[in-house]
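Hi there,

Here is the structure I promised to pass on to you.

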Amino acid sequence: MKTGLFERVFERRADVVRATPGRVNLIGSHTDYNGGMVLPVALPIGTEVAVAVTETPLIRIFSSKFEEVVSYSFTDTARGHWADYAAGAVITARKRGLVSRGVDVAIEANLPAGAGISSSASVIVGVLKALRRLGDAALSETEIAQLAREVENAFIGLPCGIMDQMAVAVGRTDCAMALDTGTLAYELVPLPPDLRVCVIHSGIDRALSDGRYARRAEECLEASAAFGHRPLCQLRRSQIEALTDLPETLRRRARHCSAEHQRVLSAIGALKAGQLETFGRLISASHASLRDDFEISLPDIDDLVSDAVALGALGARLTGGGFGGCIVACIKPDRFEAWISALLSRHPRARLIC
Ligand code: GLA
């Protein structure tokens with residue numbers, strides 16, 4: 001970091017400084033809480049966190065984005081504030097014995113919030129890794145990711161899966177992470193040099209905390225219950241269609257999860273074999289499923305995705321939780337410049353993130 005940021009705000013040096021990336025999910029949407037596969041990649045942009053212990057019983061948090069210091073005590077709960085993510089990380093870490101005194105945290109945030117590229121997981125994982133270092137604790141990256149998910153689920157109250165936390169804690173910018181969210185086994189699959197992954201913000205903001213993500217998670221639970229609580233990603237299409245009294249909405253949710261899981265498996269195979277056209281088609285098919293079966297897209301995002309492909313991308317789709325935020329597109333590097341300027345001139349609200 002600019003460790004200067006921490007010094008300017010707290011008038012002393014930080015004990016630990018940590019950088020954590022954001023992530024973009026190439027394919028595998030909403031499969032991570034349905035027992036399926038995902039394929040995220042770490043981004044070259046992220047969050048920097050600087051931390052120091054204090055003699056006070058307080059957690060004080062500063063972010064370069066908001067230019068304010070916010071205080072929490074160790075018994076506080078989430079209050080719907082930007083600082084909840086860092087506070088939740090410290091409070092959860094304290095319960096695990098990673099920290100016993102007060103903590104000052106400064107955050108340099110280079111990721112747009114609510115954009116589907118894991119700004120919250122990046123902050124939480126960054127703070128947890130910094131505290132691990134401070135406390136000299138023997139926690140693996142996977143354990144850090146599990147703790148970070150606990151912050152989201154139990155402190156923030158978002159019933160998310162574990163993809164973001166694993167991608168941010170373990171992921172690399174030059175490899176896609178083929179992660180089995182059921183077992184947490186993963187493989188890092190190198191990205192070929194003739195594939196450029198682009199993240200484009202649609203210009204439409206959204207917050208996962210607005211209840212729509214949680215509603216999808218509930219629908220998936222209801223659908224899974226109708227199949228004896230089997231994870232939706234493990235069902236076959238024929239089983240889903242055979243259950244005739246399943247309400248139509250739940251059938252669509254189940255159909256998406258089952259097909260999306262299979263698409264991720266095919267995409268991993270295509271990536272390893274260098275079949276980039278196939279890889280791109282799978283990404284675009286994922287978008288169609290998010291639009292028609294999971295119903296988390298918006299008309300403007302559908303237009304952005306279809307123009308991205310019409311103008312030359314191998315494939316494109318909505319990424320993240322849905323209802324706004326970013327799309328991910330894959331393109332041959334030599335076509336990138338002409339493609340992005342044509343796309344952004346057709347969609348003036350959209351902007352290239354990386
Ligand atoms: C958000 C959640 C993830 C995942 C994605 C959708 O990013 O935090 O756990 O469910 O949405 O794939």
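In this predicted model, five strands form an open sheet with mixed pairing, in the order β1-β3-β6-β4-β5. The edges are taken by β1 (16-25) and β5 (68-73); each has a single partner strand, so one side of each is left without a neighbour in the sheet. From one strand to the next, the twist averages 25 degrees.

Two of the pairings may be handy when you orient yourself. β1 and β3 run antiparallel and are joined over nine bridges, with Val16 standing opposite Val51 in β3. Strand β4 (residues 58-63) and strand β6 (residues 102-109), on the other hand, pair in the parallel sense over five bridges. There, Ser63 has Ile107 of β6 as its bridge partner.

Next, the helices that lie on these strands. Helix α2 (residues 84-95) lies across β4, β5 and β6, and runs at about 145 degrees to β4. α5 lies across β1 and β3 (40-54), at about 125 degrees to β1. As for β1, that strand is mostly covered, since seven of its 10 residues are buried.

α5 also has a helix partner. Helix α3 (residues 119-135) packs with helix α5 (residues 163-170) at an angle of about 55 degrees, and their axes are 9 Å apart. An angle of 65 degrees would be needed to count as roughly perpendicular and one under 35 as roughly parallel, so α3 and α5 are oblique to each other. Their crossing is right-handed. On the α3 side the contact is made by Ala121, Ser122, Val125 and Lys129, and on the α5 side by Asp164, Gln165, Val168 and Ala169. By type, the residues of this contact divide into four nonpolar, two polar and two charged.

One residue from another part of the chain is worth a click too: Leu195, in the loop between β8 (186-190) and β9 (196-201). Is Leu195 buried or exposed? Its relative accessibility is 8%, and the cut-off for buried is under 20%, so Leu195 counts as buried. Which residues does Leu195 touch, not counting those up to four places away in sequence? They are Leu271, Leu276, Phe279, Leu314, Cys330, Ile331 and Pro333. The C-alpha atoms of Leu195 and Gly274 are separated by 9.6 Å, although these two residues are 79 apart along the chain.

Best wishes

Key:
Residues are numbered from 1 along each chain as its sequence is written. This is a predicted model: local features need pLDDT of at least 70, side-chain atom pairs count only at pLDDT 80 or more; totals for chains, interfaces and linings use all residues. Side-chain values use heavy atoms; hydrogens and water are left out. Axes are lines fitted to C-alpha atoms, for helices over the stretch in contact, and angles run from 0 to 180 degrees between N-to-C directions. Helices (H or I, at least four residues) and strands (E, at least two) are DSSP runs, numbered from the N terminus. Angles under 35 degrees count as roughly parallel, over 145 as roughly antiparallel, 65 to 115 as roughly perpendicular and the rest as oblique. A crossing is left-handed if the near helix is turned anticlockwise from the far one by less than a right angle, and right-handed if clockwise. Contact means heavy atoms within 4.5 Å. Ala, Val, Leu, Ile, Met, Phe, Trp, Tyr, Cys and Pro count as nonpolar, Asp, Glu, Lys and Arg as charged, and the others, Gly among them, as polar. Two strands pair if DSSP finds at least two bridges between them. Buried means under 20% relative accessible area, exposed over 50%, partly exposed in between (1.4 Å probe, protein chains only).
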